[in-house]
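Please open the structure in your viewer and keep the selection panel at hand.

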4 protein chains.
Amino acid sequence: MNAKTEIFHLIDPATLPARFAAVRAHSMALAEPLSSEDCCAQSMADASPIKWHLAHTTWFFETFILERFERSFRAFDPSFRVLFNSYYNGVGERHARPQRGLLTRPSLQEVHAYRRHVDERVHKLLSPAYVLAMEDRTQLANLVELGLQHEQQHQELMMTDLLHLFSCNPLKPAYVTHPPLPADEQPQQWQAIDAGIVNIGATDGFCFDNELPRHRQFVEPYLLASRLVTNGEYLDFIEDGGYRKPELWMSEGWDWLQRAGILHPLYWQRCEVSDGAQITELDSRGWHTFSLHGLQPLDPHAAAMHISWFEADAYARWAGARLPTEAEWEHATQQAMVTGDSILTQLFGVCWQWTSSSYAPYPGYAPATGALGEYNGKFMANQYVLRGSSCVTPEGHSRCNYRNFFPATARWQFSGIRLAKQGR
Amino acid sequence: MNAKTEIFHLIDPATLPARFAAVRAHSMALAEPLSSEDCCAQSMADASPIKWHLAHTTWFFETFILERFERSFRAFDPSFRVLFNSYYNGVGERHARPQRGLLTRPSLQEVHAYRRHVDERVHKLLSPAYVLAMEDRTQLANLVELGLQHEQQHQELMMTDLLHLFSCNPLKPAYVTHPPLPADEQPQQWQAIDAGIVNIGATDGFCFDNELPRHRQFVEPYLLASRLVTNGEYLDFIEDGGYRKPELWMSEGWDWLQRAGILHPLYWQRCEVSDGAQITELDSRGWHTFSLHGLQPLDPHAAAMHISWFEADAYARWAGARLPTEAEWEHATQQAMVTGDSILTQLFGVCWQWTSSSYAPYPGYAPATGALGEYNGKFMANQYVLRGSSCVTPEGHSRCNYRNFFPATARWQFSGIRLAKQGR
Amino acid sequence: MNAKTEIFHLIDPATLPARFAAVRAHSMALAEPLSSEDCCAQSMADASPIKWHLAHTTWFFETFILERFERSFRAFDPSFRVLFNSYYNGVGERHARPQRGLLTRPSLQEVHAYRRHVDERVHKLLSPAYVLAMEDRTQLANLVELGLQHEQQHQELMMTDLLHLFSCNPLKPAYVTHPPLPADEQPQQWQAIDAGIVNIGATDGFCFDNELPRHRQFVEPYLLASRLVTNGEYLDFIEDGGYRKPELWMSEGWDWLQRAGILHPLYWQRCEVSDGAQITELDSRGWHTFSLHGLQPLDPHAAAMHISWFEADAYARWAGARLPTEAEWEHATQQAMVTGDSILTQLFGVCWQWTSSSYAPYPGYAPATGALGEYNGKFMANQYVLRGSSCVTPEGHSRCNYRNFFPATARWQFSGIRLAKQGR
Amino acid sequence: MNAKTEIFHLIDPATLPARFAAVRAHSMALAEPLSSEDCCAQSMADASPIKWHLAHTTWFFETFILERFERSFRAFDPSFRVLFNSYYNGVGERHARPQRGLLTRPSLQEVHAYRRHVDERVHKLLSPAYVLAMEDRTQLANLVELGLQHEQQHQELMMTDLLHLFSCNPLKPAYVTHPPLPADEQPQQWQAIDAGIVNIGATDGFCFDNELPRHRQFVEPYLLASRLVTNGEYLDFIEDGGYRKPELWMSEGWDWLQRAGILHPLYWQRCEVSDGAQITELDSRGWHTFSLHGLQPLDPHAAAMHISWFEADAYARWAGARLPTEAEWEHATQQAMVTGDSILTQLFGVCWQWTSSSYAPYPGYAPATGALGEYNGKFMANQYVLRGSSCVTPEGHSRCNYRNFFPATARWQFSGIRLAKQGR
C-alpha cells in the first residue's frame, strides 16, 4: 500500500463518520427484505450467506481497525476471529468456506448486535475527541475507507449470492417485487481508437492496490463496441448452434461445456410461465431468465448477463470480433470521460465486461505489508479481468481503473460482453 | 403390505386420533428449542434440515392419506409434492437431496401452517362422522399408523441430523442444556444360546414390511454379550493401535479409514476444555465427545456410540469376538423378553447395535404395491442391519423384530456394539 | 486354515509335481497368443496386466513356499516382493494397484525367467530327495496345492482382464480366432426343493477357508430355474424398458445406472458390422457382443453374461422371480450331483451365477493365521456371492461349495443369472 | 497461417527431403533403446506413449499432407484417423486421451511399418518428378516444414513422457546409461534493460502462428537474471520453509500444494542410495533427483527443473524478485543475440523458463483456417508461457520468439526459473 499512501490523504476526516454510517446502513437495508433463513443458507462454495457477509464486513473493521487503534482492544467474541475470516492466512485459522451455511449460530440477531457494537466503537475512534497521533489518524482514515470499499464489494456479492440461492429454489422467489423495466436497445457502432502509448492505472481518489502503479502500455489501433451484447444477439448465437461448435471455443472451455452440460447462460431457461405472464415479443422465443425480479421473459434488448469468460470469448469469435484487453477498455473509457464526445455507452451500471486480459500484477506492483497484502495479490493466477460495474454495484463504487476478476467459468456475477476488433 | 393387513386390524380406531395428535405434537416439541435458522440448514447429503423433516412427515400424510381418502382432495401447495418427496419415484419428481438446505422458502412458519392444515384434515377423516366404507376405514387406520411410525423414524433422524449440524459449528452448541448423567457400568457376561430352528420376523402389533414374513432360520450355538461395549473399552482398542492395524479390518474399511483419515469414532475429539469442565477420571484420558449436551468429557462407562459397521467389525475382531447376526440378536432378545431370566441388558434405548447381517429380504418378502413399496425394499443392497433402539428413539417405537439399516460407513446415528461369539 | 488341515492331507504328494507343472504351463499357454504389449497394459484399476498375473502367481510360490521351506532362501529379485504383492499387508508394502500397467520393466522375458526359476526351486522342494520333516512335507503339499488353486483363479482373471483390455481398443481384437458355436436353448423349467435343514460348506477335497466350516442352515421351500437366463430373454427386459423403470431396481443400483449411463450389459453394443458378418436371426435385433471371439452378433440362445448384481436383481424382479440364496444354490446342486435325477443344467462352465447372498463368514469361520489369512476374510463386506463357474474357469477348478464374490456393480466377469422363486 | 505464408517461402525445396529424412529418423533413434512395452504404456492423461507419438506424428503427415496433395489418396489404415488424432475436432472423432496406453494393437512393429509407408509417400510427393502446381508446391513445402516442427515438438514430449513413466516404476530405470556431467555454476548477475517500445513476435524463418503478428509493446525498465536458479538455491527456499508459508504463494497454488501434498519439485526425493553412489558434496544434503540418467544425487550447481509455474512464482517472491514477462524475456534475448555483449546465459538448451505472462493471442492474431487452426489458438486460456528451450529440445528447434505454454501446475516438463526485477 506504499504508493497508495499519497492517494489516501485525500480522504476528508470530517465527512468520514457520515460516510461510514451510510455505507454500513446500506448493507442492513439490502438484507432487510430477507428472513433469517434466507440470510443463513449458502448455495455453493463460491457464494456466502448474507449473514456471513454482514458479519465478515464487520470483522474487517474489528480486525484491521479496532484491534490496531483501540488502546484496550477486546474482541466482541473471540470465536468470530476464526468464523468470519474470509481468506487472510496472516490473521490465522478460518472456518471452512463451503461450511459457512452451517453457522446457524450465531443467529442473525447476534450478528446485528455485533454490527451495532463495532459501529459504535469505530465511531468513537473517528471522533475528534479520540486522541491519536496525526500519522495514526491518517492511517485510520485510510483503513476505514478501505473497510467501506470492502463492504461495498460485499454489498454486490450479497446480491449475486442471494440470486444464486434463490435460483436453486424451485419456488423461484423474487427479491424485488416490482417488475423489471423493458430495455431500450441502442444501435451498435464501433468507436475507433488510435495506436499509442497509454497510461493505465489509478491516479487520484481511492483505489485498491491492484490498480497501481500507474504505468505505460502500448496499444495497437482498435475498435470498441459502443454498447453491450444484447440477449437477442446472444440468442442468435445459441440458435446458430454456438454451444455445439468446438471451433468457437477454447479447448478447456469446450471440455467444461461438455462436462457441465452447459447450453445457455446461467439463469436462462426455456419454459412456459402460466400465471398470466405475457410473453412480450416474438424475439424472446420462449426463453426466460431468473433475476432479482424472479422468473421473467427474456428481454431481447437487455444486455446479456451471467455469462462466463469462456462463453464471452466464444461469442466474440462467432461474431467475428474479440474481447478487449483491459488496457483497451480503460483507455477508451478514460478518453470518453475526459472528452465527452465518445459514442460509448453502458460502461458502468449494467454489467461487468469481460476482458481478454488475465489478471496479473502491473509492472512494479507491490501488495500491502501484513495480512492486508492478501487482499488482491494472491489471486493473480488463472483469473480474467472484468471492467466497468453492474446494476448491483453500489453507487459511488465504480471507476474506470477498477479491476474486477473471476475465473473463466464464473457465471453467477452480473457479467456480460462488450466486443472489440483490431484495426480502424 | 399384503401379509401385514391382518396385523393392521389390531389398530384401535377409537384411540387413533389421540395417538395421531400426540405423535404429531412430539415432532413440534423436538423442534421447539431451535431457531428457524437451526431448522433450515443441512450439514451433509445424508442428513436433512429439521424443517424438511417437519414438512416431509406432513407430506406423507397428505400424499398417501388425504389424496387417497378425501373426496375432493386439493393440495395445500402443489409445489410441496416435489419439494418434500424424499425418495418415492412412484410419486414423481423430487427436489435434489443435497439441496434441501437451500429451501429458505417456504419459511418455518409456513411449514408450521402446513402441519396444522394437514392435521386438521386428517382429524376430519378419522372422525366417525366422516363417511367411509368399512374396508376403507381399516385401510385408513393402517395408513395413519404407518404415517405415525414413519414420523417417529423421522423424530429420531431430527436428533441425529441436528447433532451432526451442531458438530460442524465451531461454537459447539448444546441442544440439551443440562449435563448428562454419568453411566453405571455393568459387568460384561456372556449369555449362552442353544442351536436350533428359530422363528424370525413380526408376529403381532405394527411392523414394517421388511419384518415379514415370519420364517424359520437355523442358528448354531452362540454367546451374546450381556451389555454394550463401553467408551473405556473402545479407548483400549484405540490405544492398542486398533486404527493402525490392517489385519483387524475389512479391506474396504481399511481403505476408507486411510482415505478419510479416521482415527476414532465420530464426535470424539481430544481437547482441553478450559471453562471449568472437570475431567472426571483418569479413564477418559483427555478425550471428549460431542453430544446433544454439547462437548463433554468422555464417560468411560457409557456405551461407545457413533461407530460405523467397519469400526464395530474391527473392534469385535480385536476383542476376539464377532458381531451377532440379526437372527441371533432377535432370538436372544425374544427369549429374554419371554422368559425374563436373561442377563441381557441395554437391548433398547441406549444405542442401535450393528449386526453382521447384510440387509436382505426375508424369504417370501413382498413389498407393498404402489409407491409405498419403495419404503424399505429398494434399500436392500450394501447396507447392514442394526437392532434394538437408541436414546433418541421415540417411546413406543422399539420392538425386538425391528430392522434398522445403514451403510457400513455410517456414523452419525446412535450406533454401537454388542459382541457375540460362536459356541457355548 | 485350522479346520482345513484335515482336508489337505488328502493331497497325493506323488502326483503333485506333475500337477504343479501342468497348472503352471497352462498359464503360459494362455498368454502364448499375446504380444508383450498386450501383456503389459492395464485397462482399469480392477483388472491387472497379464504379465502381472504371471508374476504375481509366481510371487505367491516364492513368498509363501520357498521363503518358508527353503533352508537358504534368497529372493530372485528383492524388488519383486513389493511389485507383485497383490493385497497382503502381512507381507509388507505393495505397488499401487492402479499403476500395475506402468511396469514396463521387468520385461515379459524377465517374468518368464522368474517363472522358470521359481518353478525349478519348487520342483526341488517337492522332490523326495529334499529333506523335510513329515509335518513340513504335509504343510508344503497343502501350500503348493493352495498356490495352484490360486493360480487357477488368476487364469480366469487373465481372460476376464484381457477381454476388458481388448474391449477398450477400437480395433476390437479377438483372442480366439475361430468363430463361437451357436448355443442350443433348453426349455426353462422349475426344480422344486423342499424345506428343511441343509448342510452347507465343504466336506472333502480342496477348499478355500471361506467354504468352512460346514454348518446347518434352514431353507424354506423354493423353486430353482433349470437353466440360465438367455440373451434373448434379457433383450426382452431391455426392450420392455427395464433400464428405465426405477421400481425394478435397488435404489443404489438405480443411482449407479444414471451416473454411469448404463443401458445394457457390458460388452453389448448396437452396431452394424459391415465386413460380411451375417446377422443370423431376427432375434438378435441388431445387437452385438464383444467376447474373446471379437465382436459377434448376439446369440439369443446363449446365456446372458457380463451382468452386474444390480442388473441380475432387477431382471429377476421384472421376471416375477428373485435370485437364489447361496445356500439354495448349493443345496440344489449338491442334490442334483448326488441323485442325478435333477433337471438342473448349466450349473458349471457357462457363467457364474449371482446369488442374493451378501458375502459373509460362515458361523465359526476362522481365517488362516499370518498373511494367508488375508486371502478371503477381509473381503467379506459389501460384496455378493456368485456360484458355479464359467467358460473361462480352468478345468478341475469348479465345485458346488465354491464361493466366488464381487461387488454389486462388477460386470467384467463372466457373470449371469439363474432365477429362483419362493414356494413349490 | 495467412501472415506466415511470406515467411514460409524461405524453405528450400531442394534440402527438404534430406531434412525430412533426418527429423523422421531422429524420432526412431530416440525410441531405439526402448522395448515395445516401454513404448506402449501411458503414465498419466497428460502424457502419451512413445508408440502413440511415433504414430501421431505420422498421422499428421498423412492427414494434412498426403490427403491433401496425393491425387489418389488411400489411408494406410482408416482406423488410424481416429486412433492417432490428438485434438483436432476439425478432423473428426478421436480416441480418448487417457486411454492411449491401452492401444496394445496396432503393435510397435505395425507403427514402424506405418511410418515407413508414409515416409515413402511423402518422399514421392517431394520429388521434383511429382507434378504439382507451383502454388501447391509452396504450400506442400510449408506444410512439410510444419509437420517436421510438429514432430520435433513431439520428440521433446517423448522424452518428458518417458521420464514420467519411468519415474512411476519403483525399479527407477535409466534411459541414458552414462552418468550426468556435474554442472558449473556461474555467478548470478543482473542485466539491466531500458524502458521503451519493443517489437515482439516472429520476423523471418519458420514460426508457429502464435508468434505472429509482430507487434509493439511498451516495457518499463527491468533487470533480468544472468542465469537460471540452481538446485542449491532452490534447496535454500525449501529449507527456509518455502512450501509452508502461504504468504509466498498464489491462493490457488497454495490450495493445490495442500491438496496434492507437494513439498518439493517433481522427481526430487530424499533417500539413501546404497549401491556405491557417492554423495558428492554437503550441498546436496541427501536429496536426489530422478532424471533420464536414473536416480542421481542432486547437483547443487545444476539448474532447478521440473518446477510448476506456482512454484516458480513463489520462489521468485521469496527471492525478492519476480518472473519476467514474455516480452521482457524476448526483448532481452533478442538484444543479447544481436549485440553479443550481454551477460545473459542459459537462455536455450537447459530448461524452459516460466514467464509471468498468461498465454494469449498477440494483437491481430489469426489462426490458420481449417483443422490446423486448432494447433495453438484454442489453448489460449489458463496457461502460462515458457520461453527458451530445454536439454531435450531437438537441435534447431529453439528461437527467441518461440512460445511454449503449460498450465500453472505442470511439472513434468523440463521447466525452471529465471528471475527478473523492476527498475534498473
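Two residues are in contact when heavy atoms of theirs lie within 4.5 Å. The model on the screen is predicted.

**First stop: chains B and C.** Select chain C together with chain B. Here 27 residues of chain C are in contact with 27 residues of chain B. The size of an interface is often given as the accessible area lost when the parts come together. Between chain C and chain B, about 2400 Å² is buried, and carbon and sulfur atoms give 54% of this area. Next, select C:Arg216, C:Phe218 and C:Asn382, which supply 26% of the area that chain C buries against chain B, more than any other three residues.

Which elements of chain C each supply at least two residues of the side that touches chain B? They are strand E3 (215-219), helix H9 (251-260) and helix H10 (309-318). The largest share, four residues, comes from E3 of chain C. Colour this side of chain C by residue type: it divides into 14 nonpolar, nine polar and four charged residues.

**Second stop: chains A and B.** Display chain A and chain B. A rotation of 180 degrees, with 0.0 Å of shift along its axis, superposes chain B on chain A with an RMSD of 0.0 Å. The two copies are therefore related as by a two-fold rotation axis. To find the axis, select B:Glu37: in chain B, its C-alpha is the nearest to the axis, at 2.5 Å. Both copies use the same surface, as 100% of the contact residues of chain B recur in chain A.

Select A:Arg105 and A:Pro106, which are joined by a cis peptide bond with omega near 0 degrees. A:Pro106 lies in the loop between helix H5 (80-83) and helix H6 (108-126) of chain A. Then select B:Leu212 and B:Pro213, where the peptide bond is cis with omega about -10 degrees. B:Pro213 belongs to the loop between strands E2 (196-200) and E3 (215-219) of chain B.

**Last stop: two positive phi angles.** Select B:His306, in the loop between strand E7 (294-297) and helix H10 (309-318) of chain B. Although B:His306 is not a glycine, its phi is positive, about 60 degrees. Is B:His306 buried or exposed? Its relative accessibility is 6%, so B:His306 counts as buried.

Terms used
Residues numbered from 1 in each chain as written. Chains lettered and ligands numbered in written order. Predicted model: local features only at pLDDT ≥ 70, side-chain atom pairs only at ≥ 80, totals over all residues. Heavy atoms only, no water. Least-squares fit on C-alpha atoms with pLDDT ≥ 70 in both. Buried area = accessible area lost by both parts, 1.4 Å probe. Nonpolar A, V, L, I, M, F, W, Y, C, P; charged D, E, K, R; others polar. Buried < 20%, exposed > 50% of the residue type's maximum accessible area, 1.4 Å probe, protein only.
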